Amino acid sequence: MVLEVALIDVVAGQEDDFAVAYAKGHEVLAGTPGCRSVRMTRGIESPSRFVLLVEWDSIAAHEENFRATERFTTWRSLIGPYFAGAPRVEHFTDVAPDPVPPATR
């Protein structure tokens, strides 16, 4: 599993419109083959900042099944007009927990 994290800054005053656009496009993203889950969060201290969290089967699922398709074009046309700048997107993988408890070291 790969976690896509996208930091999205929205034009001030357009946050509610962005949220509506996200709701319209949610299924476009969530219905992509290889997409396990989608979650959008909004900043408390910075209400114009949103974080998109998407779990993918692999980076290839993200790139080939979404980014390289009409799904991405549709998604971006819905939410893109509200961007204050280009989103920062990175992929992450889980870190295995420490197999040796700290007390036994």
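Which elements do the buried residues of α2 pack against? They pack against β1 (2-9), α1 (15-30), β3 (49-56), α3 (70-79) and β4 (88-92). Welcome to a short tour of this predicted model, in which local features need pLDDT of at least 70, side-chain atom pairs count only at pLDDT 80 or more, and totals for chains, interfaces and linings use all residues. Residues are numbered from 1 along each chain as its sequence is written, and side-chain values use heavy atoms, with hydrogens and water left out.

**The sheet**

- Four strands form an open sheet in the order β2-β3-β1-β4, with antiparallel pairing; strands (E, at least two residues) and helices (H or I, at least four) are DSSP runs, numbered from the N terminus.
- Two strands count as paired if DSSP finds at least two bridges between them.
- β2 and β4 are the edge strands, each pairing on one side only.
- On average, and with direction ignored, neighbouring strands of this sheet are turned by 15 degrees against each other.
- β1 and β3 run antiparallel and are joined by eight bridges; here V5 stands opposite L53 in β3.
- Five bridges link β1 to β4, again antiparallel, and L3 stands opposite F92 in β4.
- Strand β2 (residues 35-42) and β3 run antiparallel with seven bridges, and a hairpin joins β2 to β3 through six residues.
- β3 shows two faces: F50, L52, V54 and W56 make up the covered one, while R49, V51, L53 and E55 make up the uncovered one.

**Helix α2 and its buried side**

- In α2 (residues 59-67), the residues A61, H62 and F66 are buried, where buried means under 20% relative accessible area, exposed over 50%, and partly exposed in between (1.4 Å probe, protein chains only).
- These residues cover an arc of only 95 degrees around the axis, which puts them on the same side of α2; the arc is that of the directions from the helix axis to the C-beta atoms.

**Helix against helix**

- The axes of α2 and α3 come within 6 Å and cross at roughly 80 degrees; axes are lines fitted to C-alpha atoms, for helices over the stretch in contact, and angles run from 0 to 180 degrees between N-to-C directions.
- N65, F66 and R67 of α2 meet R71, F72 and W75 of α3, with contact meaning heavy atoms within 4.5 Å.
- The residues of this α2 and α3 contact divide into three nonpolar, one polar and two charged (Ala, Val, Leu, Ile, Met, Phe, Trp, Tyr, Cys and Pro count as nonpolar, Asp, Glu, Lys and Arg as charged, and the others, Gly among them, as polar).
- The axes of α1 and α3 come within 8 Å and cross at roughly 170 degrees, so α1 and α3 are roughly antiparallel to each other.
- On the α1 side, the contact includes F18, A21 and Y22, and on the α3 side R71, T74 and W75 are among the residues involved.
- By class, the contact of α1 with α3 has eight nonpolar, three polar and three charged residues.

**A look at R39**

- R39 sits in strand β2 and is exposed, with a relative accessible area of 54%.
- Its bridge partner in β3 is L53.
- Leaving aside neighbours within four places in sequence, R39 is in contact with Y22, V51, L52 and L53.
- R39 and T74 lie 35 residues apart in sequence and 18 Å apart in space, C-alpha to C-alpha.

Conventions. Parallel < 35°, antiparallel > 145°, perpendicular 65-115°, else oblique.
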